Each structure stands twice: as C-alpha cells, then as structure tokens.
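What follows is a walk through one protein model, from a helix to its sheets and strands. Please keep the sequence and the coordinates at hand while reading.

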Amino acid sequence: MKSRLISAKEMKMLVFSVAMAYLICAVICFFHIRDVRGTFAEQIEEGIGDSVDQIESLSQDFFYDLDTYVRECSRELETEENLSVSYIGAVLSGIENGPHVERAIYVRNDIIYTSSGIVISETLNRFWEDTKKGNLTRMHIAPSVIRDNAYNIVVPVPIKEKSGQTGYVVAVYDSTLFFDEPMFDRMKSENALFLVGKDGVILDESVNSDFDIDNNKMKDPDMLVRTLFLAGNNTESKKSIQTIRNSFFNKNHRMVYIESPALDGDEVYINTLVMNDIDEVAIVVFTDFSKRLAKTDFFVGKTWIVLLIIIVITLAGNLVVWKYLQSSTVRIERMAYVDDVTKGKNLNFFRQEAAHIIMTNQEVPFVIQRFDIANFRYLNEAYGHMRADEVLKACIDIYTSMYSEKELCVRMSSDQFLTLTVNDIDIKDKRERYVEALNHYSHEKGIKYPINLKFGVYQVRKMDHDIDIMIDRANVARKSLLHSKNEHVAYYTDAIIQDMRKVENIEASKQKALETGEFKVYLQAKWDIINDHVAGAEALVRWIKEDGNMVFPDEFIPIFEENGFIEQLDFYMLESVCRRMAEVKKEGGTIYPVSVNQSRVLLHNPDYLDKIREIFTKYDIPRDFVELEVTETSLADNKEHMVEVLKELKDEHVRLDMDDFGSGYSSLNLLKDMPFDVLKIDREFFSESITSESSTLILRKIIEMADGLGIEVICEGVENQDQVDLLKDLGCKRVQGYFYSRPIPMEDYIKKYCMS
Ligand code: C2E
Ligand code: CA
Ligand code: CA
C-alpha cells in the first residue's frame, strides 16, 4: 500500500483518539480511587465496630463488678448473728468505700441504717418505698433523692438476717460519674457517649468538643433522633428511626448508620449497647464517620492532585511532540510534495491526493486533464527562464483561484500540468475562461506571445484504474493533438484507443518488417525544367504489409523517431539505394543523384559519420551521387554539433540538402553557417506564394540569394503547368512533384529512367 500524509481530518481523528484515551484513563482512575476509598471506609467501619465492642465489654464488666461488689459486701449482714447498728454501719461504710459507690443504706422494717447510724428521713423513705413497690432485686435507675432532676444507679440487695428478719441493702452509684471512669478515656476522644435510661433520661454523657452535636439535642434520645432526621420524612429515614428504637427497647443491639441533614450531611453511626446486669439502661455511642473518613479523603484528594499533575505534564509533553511532528511533517511534505518552480504541489502529491479524493467522492464525476503550453520552448527562448517560470506559476495560481477545493492542479515537469477537475456542465466554459485568464496575466506581464494550452482529458469512472493509468490515458489524448493546430482539447476516446493500438502494432512488428523486407524504397523523380529531363530522385519509404496493404510514412515515421528505430530504417534506406544503384551502374545503366531523408535522431548518433563512410566505401559509389536530406527544424537543437557533423560530411564530398525550407521558423542565417548544396523549398510555402505577390517576390529573392551563395534550389510539390511556368520565371531550375512523377517503386524508376 502506498503511504500518504495525514490529512487535516485524520489529524483531528488522531487528536480525538488521544483525548478519548485520556478520558478512559481518567474514568478508570476515578473508579479505582473510588474503590480505594470504599476499602478504606470499610476498614474504618470495622474499626468503629471494634471500639464499640470494646466499650460494650468494658461497660458490661463495670456493671457486673459493681453489682458483685455490693452483693459480696452485703453478704456479711447475713452471716452475723447479732446485727448491731454499729456493725451494719461498718458494713455499709465498707460498701461506700468501694471504688464506685456514692452511698449505701440498709433498710429493715421501715428503719433506715446508714454508715453513720439510724436515720429517719422522709425522702429516703419515699425512695425506699419506690424501690419496694417495684420489688426490684436487680440494678436499676431511680431519681436521685438528693439532687433534683438527677438520677442514680441503684443496686438493691435483699438480705435475710440470721434472726429471720429481712431487709435491703441499697447502694447508690452516682451515674454522672460513669464516663469519668478511666477506662473510657480513649473512647471519649473519638465518640460521643451517652448513658441512657428507658424513659430517655440521660444519666451521663461525654461529648468531645470536636464532636459537632449540640448537647441539648442529646438530652432526649427520641428528640435527638428526631433532630437527626429533621428532614427525614422520607420512608428511609423513618425506617432508620424505627431501627434505633427497636434496638433500644428490644435489647436488640444493632449498629445503625445515618446521614442526616441535621448533621450538615455528616455521616454518623449510632450504636445502642444494652447492659446485662442493669435493667433498662443502655449506652449509646455516636461515632463521627465523616471525621474518620476525612483522613482518607485527604489522601484521595492528594492522589487526585498527583494524577492531575501527571496528566498535565504528559499532555504538555504530547503537545510538544505533536508540534514537533507537525513542523517536521511540514518539512517532509515540502520535500516530497512541493514543486520548486510553481511552489504548488507536485506529481507525488497528485497521485495520492487525487486517488483519495476520487475514492471519497464517488458520486462526483471527475476528469483528469493533462495539459501543456504549446511552443513553450519558444516562450522560454524569447522571454527567458524567469518569465517563463512565472507563467508556469500562474498556471497553478489561476487554477487554484478558479476551481474548488477538491479540484487539483500540479506541474509534472517542464510545461506539463495535471488537473483533477469536476466534470460538470460548464467544464468547457470554465476551461476557456481559465485559458483567457492565463493570457490576460501573461499579456499584463508584457508577454505578447499567445499562450495556447493543449488538454488531454480522461473521464474517471470511479477508481476503476490505477491513477497512473488514468494520467497516461489523459496523456495519450493530449498527444493526439500534437500535430493539430486548431484543436485544443481531446478526450481519451475509442478513436484514440484505436490509434494507440495502431502504435502498439507498429511497435511490435517493426523489427520483423525490416528483416523480411516489408519496408520498400520508392523513388520520386526530380525534374530539370530547363531541359525537361529527369534530374534525380528522392527516396521515400513505404511499408508494404504481408497482406499487400501499403502504410505511408506519416503513420510510422513519428513513432520510429520517438523510439529510435528510425536510425535503422534510415540506414536501411540509404544502403538499399546505394546497393541497387551500384548494381545499375555496373550493368551500364545511367544513374542520377538520389536524395535520402536523414532523421534528426540519426544525426545525433556519435557513430553516424563512420556508418555513412562504411556504406559509401562498401558500394563504391561516387560521393556526390548521394544527397542527404536534413529538415531545417532538426538543426534547431544543438546547432554547433550539427554544423560540425554537416561540415565533416561536406569534407567527404557528400551533397547536403536542406529539406522543407520555409515550413518552420526559417532562418536564412542557417544557410550562412551550414554547408548546404541544395535548398528544398517546402510545398506549402510554394503553394501559398503562388497566390500572393509579395510571397512570389520573397521566393524570387530566396532563389536569387541561393544562387549567389552557390546553392541549388529545388521546389517540392509541383502539381501543375502553371506552377512550373511561374517557377521557371522565378529562376528555379529544378522541381519535384506529382506533375512529373509520383513516388514509384525503385525497380519501376530504374526501368523508366536508368535503363532506357
Ligand atoms: P518529405 O521529405 O518532405 O517528402 C516529400 C513528401 O511530399 C512525400 O510524402 C511525397 O510523396 C510528397 N509529395 C511529393 N510531390 C507531391 C505533390 O506534388 N503534392 C503533394 N501533396 N505531395 C507531394 P511521403 O512519401 O508520404 O513522405 C512524408 C514524409 O515522410 C517525408 O516528407 C519525410 O519527411 C518522411 N519520410 C519519408 N521517407 C523517409 C525515410 O526514408 N526516412 C526518413 N527519415 N523520413 C522519411
Ligand atoms: Ca525529404
Ligand atoms: Ca520535404
């Protein structure tokens, strides 16, 4: 596959893909980091669970120890025979000396004993009454008898004295000191702790100052919960409330997680821990999850920032690399795809881009046009390279300004251009306007010479052929115009295809034709009009095919000139003439000078002179018997070399004939420098001159001048008596033309003129 440069669209796609890749990476990172955060959260949850478990087990132990201590101390009242007031006091003060007890009393038969003696107290009595009514034997909560709005933890121990009397030891623990116990020290810093009774009374609390919950709200757990769920009319919140309540009252210890607007969206865990050894008391632990997670979030945030920095750095790196690639792409593009003369694009670019445009615009009808500037060489010589190059550049610039973006125009080489053009209805008009614009431009630049373009057009039918084939076909069409003066546009059509086939046929069969003698020498007599006698002949080639069909030189000579085969053919003609005439001479026939056409290709061959000498020597023919005809146009390029070759021939006494004089850009100067013996005036010049007086005058002067230079003149294409008379009058002595003889086979000529 041919590689091509990235188009703007493809570049966009590339940038888009890179952006997508970044996006995908970012999404993956996002989910990954979220995962990490989730894992951390789980671990924090586990940590909360662990510390709550610890609180629970410490609290359970505490109540168990309290209960056990009071009971064990009280037992002494059951072992003593005679309980004196002082003994009871001693036991009670022993209990009060325990680590947790605030006060202890013994109640028996409505008498209250304290550590300091018997007390008659209304309030204590009431307290005792309440206790008795409840018939409580387990630890429980009761309102403080000493302090208003305060509650105590009460440990009631029923006593059966040895004497048979019954009583109660009642130990009171000041619940406001509960969280002051050293065992909670560590827990307090991280949690908000509440010791709560059944009715929602708060016996003790420890709220860390960092823990952002208003103390007042905590006074009533129901209220607190309601506050937490202030916006919680939704069923989800209601369910949570229910869960907390159930866990509280049904001793179904469960952790509940809430996220409440009342907490500014903070996430809080509530654990309700129900105690085994004391009735209807629970410890409520609030844990600030957000605060715990804040550390993780800080870490996550940092990770994001690091990631962002990495993305920014790689993006910047990519940008630098991209910029660099872009600039080097531009440089490479310049080298590979830019034409130095026009600064437009070149053939390489056209090959790739045209194929791409055709493929991607299948519904658009396109043509490929190849055009060149007729007689560009003249423009170059007359106005110089710089200005000729300006015209070349204008060819590109004007096209670009007139045609759309998907239409292309590039210079292939010298004055050869290539376009990809949309084949719409005004293609012809637009082409004409293009040529007009180009002429307008060159005129403004002071170039008087009209610029004619010759277009060969190939109609693209989808990408049915390789682009090079299409370009070649456009060129075949263009070449068909080479010999036509008035036609400027040719389409690649069936006729052209046939012409091409013909060319291919000629190419394929030429060698064999030469070997089997299909090329025949025809001779056309030249006439001495003064003495009315044959004066010589011109050798003209004919190709007689196997089937007897004759092919004229116009059909194959240009082809042979292109492929170089003309050299072989010209030598073959020369040799055939020399051999046959040598024989005729030997046989005693009269021979006249025969001129043989020499292609311009031939004269450039470095072995040319040797080859000529070889032939002359081989057949031992008088040198001045053979004339070599060289067209004046073939002398145009490499003039110095031509003069040298011709001079050498002259030194060998070979007669030289300047053919077709007056058909091209004749220059009388040539005659001065070149050693010609004969000037052959073209039939076209001659047929025109017969009608125009001034032309006749010119012709007369040419003949006079040639005479003066010692050069013979012969006029070609004489077809009637009038022409003969006129030429005679102008001083011309010899003519060649159908009026005297058509070209005839060499043997016929020999019979007719040499053997008679
Ligand atoms: P050319 O050298 O100018 O040859 C003269 C052409 O004019 C010949 O055409 C000839 O048949 C034709 N002609 C002669 N008298 C008249 C006339 O009265 N009226 C008209 N209308 N035409 C006349 P032909 O033989 O077809 O040759 C065409 C050209 O082919 C020649 O032009 C010459 O350039 C080239 N050619 C022919 N044979 C050879 C050859 O052996 N070698 C080379 N290199 N070129 C050849
Ligand atoms: Ca000739
Ligand atoms: Ca001629």
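Asp 67 lies in helix H1, where helices (H or I, at least four residues) and strands (E, at least two) are DSSP runs numbered from the N terminus. The model is a predicted one, in which local features need pLDDT of at least 70, side-chain atom pairs count only at pLDDT 80 or more, and totals for chains, interfaces and linings use all residues. Residues are numbered from 1 along each chain as its sequence is written, chains are lettered from A and ligands numbered from 1 in the order in which they are written, and side-chain values use heavy atoms, with hydrogens and water left out.

Asp 67 has a relative accessible area of 12% and is therefore buried (under 20% relative accessible area; exposed is over 50%, partly exposed in between; 1.4 Å probe, protein chains only). Apart from neighbours within four places in sequence, Asp 67 is in contact with Met 139 and Val 155, contact being heavy atoms within 4.5 Å.

Helix H1 spans residues 8-79 and also holds Met 13. Together with Phe 16, Met 20, Leu 23, Ile 24, Val 27, Ile 28, Phe 30 and Phe 31, Met 13 makes a nonpolar surface patch of about 870 Å². Patches consist of residues with over 30% relative accessible area and no salt bridge; like charges are joined within 9 Å, and nonpolar side chains (Val, Leu, Ile, Met, Phe, Trp, Tyr) within 5 Å. A salt bridge is a side-chain nitrogen of Lys or Arg within 4 Å of a carboxyl oxygen of Asp or Glu. Accessible areas come from the Shrake-Rupley method with a 1.4 Å probe, and for residues only the protein chains shown count as cover.

Next comes a sheet. Six strands form an open sheet in the order S3-S2-S1-S6-S5-S4, with antiparallel pairing; two strands pair if DSSP finds at least two bridges between them. At the edges are S3 (117-119) and S4 (140-143), each pairing on one side only. Neighbouring strands of this sheet are turned by 35 degrees against each other on average, direction ignored. Helix H2 (residues 85-96) packs on the sheet, touching S1, S2, S3 and S6 (166-174), and its direction makes about 150 degrees with that of S1. Axes are lines fitted to C-alpha atoms, for helices over the stretch in contact, and angles run from 0 to 180 degrees between N-to-C directions.

S22 pairs in the parallel sense with S21 (residues 626-631) over five bridges, and Glu 629 stands opposite Asp 657 in S22. S22 also pairs in the parallel sense with S23 (residues 678-681), over three bridges; Ile 681 in S23 is the bridge partner of Phe 661.
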